[in-house]
Amino acid sequence: MYCGSGLGINPIYAERAAELGTVLAQNGHGVVYGGSKIGLMGKIADAVLEAGGEVIGVMPTHLQKREIAHASLTEIHFVESMHVRKAKMVELADAFIALPGGGGTMDEYFEVFTWAQIGLHEKPVILYNVNSFYDAILQHFQKMLEEGFIRTEQQPLIRVATTAEEVLSLLKKHG
């Protein structure tokens, strides 16, 4: 799960993060995420835990105090760098979902999307487009397709959901 360490200005982001966490846990899915108790990260972790699900955090030690590590997780890994964090999250996760967030969220999303493009994994990579947050990126994906920078056969890698149920459906399609 990739998402912001902030809440954003619209309360819908926190509401949808909590809803997604609940739906995932109720359907037997755990969450691997950045390990923070603040922002959307904290909202989704709390919702999964409250619904009886498993939450694994992966946090670089230099962010431990700044992002305030979540103390109630099923498991937490403290790692030496953001590079190690991303690799550990890829190792532990069966799918990747990007909720609204900032540069870090985009960095993590595009890395796993690119890895899917070049065949390093076959796990689903999903943009959770809450409140049209990712519309501009989706327009840019269309431009990349039109201009030949994403091959037509790679278009199915661009997975988008606007509800928690759509996220769940995309996960089920993958198996």
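Student: Why are both Tyr2 and Phe96 called buried?

Tutor: Buried means under 20% relative accessible area, with exposed over 50% and partly exposed in between, for a 1.4 Å probe and protein chains only. Both Tyr2 and Phe96 fall in the buried class. This is a predicted model, in which local features need pLDDT of at least 70 and side-chain atom pairs count only at pLDDT 80 or more, while totals for chains, interfaces and linings use all residues. Residues are numbered from 1 along each chain as its sequence is written, and side-chain values use heavy atoms, leaving out hydrogens and water.

Student: What makes the aromatic pair of Tyr2 and Phe96 stacked?

Tutor: Rings of Phe, Tyr and Trp (its six-membered ring) pair if their centres lie within 6.5 Å; planes under 30 degrees apart are stacked, over 60 edge-to-face, and the rest tilted. Tyr2 and Phe96 stand 6.2 Å centre to centre with 5° between the planes, so the pair qualifies and is stacked. Tyr2 lies in the segment before helix 1 (12–26) and Phe96 in strand 4 (residues 96–98), so the pair ties together parts 94 residues apart in sequence. Helices (H or I, at least four residues) and strands (E, at least two) are DSSP runs, numbered from the N terminus.

Student: Why is the pair of Phe113 and Phe141 called tilted?

Tutor: The ring centres of Phe113 and Phe141 are 5.1 Å apart and their planes meet at 55°, so the pair is tilted. Phe113 in helix 4 (residues 103–117) and Phe141 in helix 5 (residues 135–146) are 28 residues apart, and the pair links distant parts of the chain. Ring pairs also link Tyr109, Phe110, Phe113 and Phe141 into a cluster.

Student: How do you know that Phe113 counts as buried?

Tutor: Its relative accessibility is 2%, so Phe113 counts as buried. Phe141 is buried as well, with a relative accessible area of 2%.

Student: Which residues of helix 3 and helix 4 meet?

Tutor: With contact meaning heavy atoms within 4.5 Å, Met82, Arg85, Lys86, Met89 and Val90 in helix 3 meet Asp107, Glu108, Glu111, Val112 and Trp115 in helix 4.
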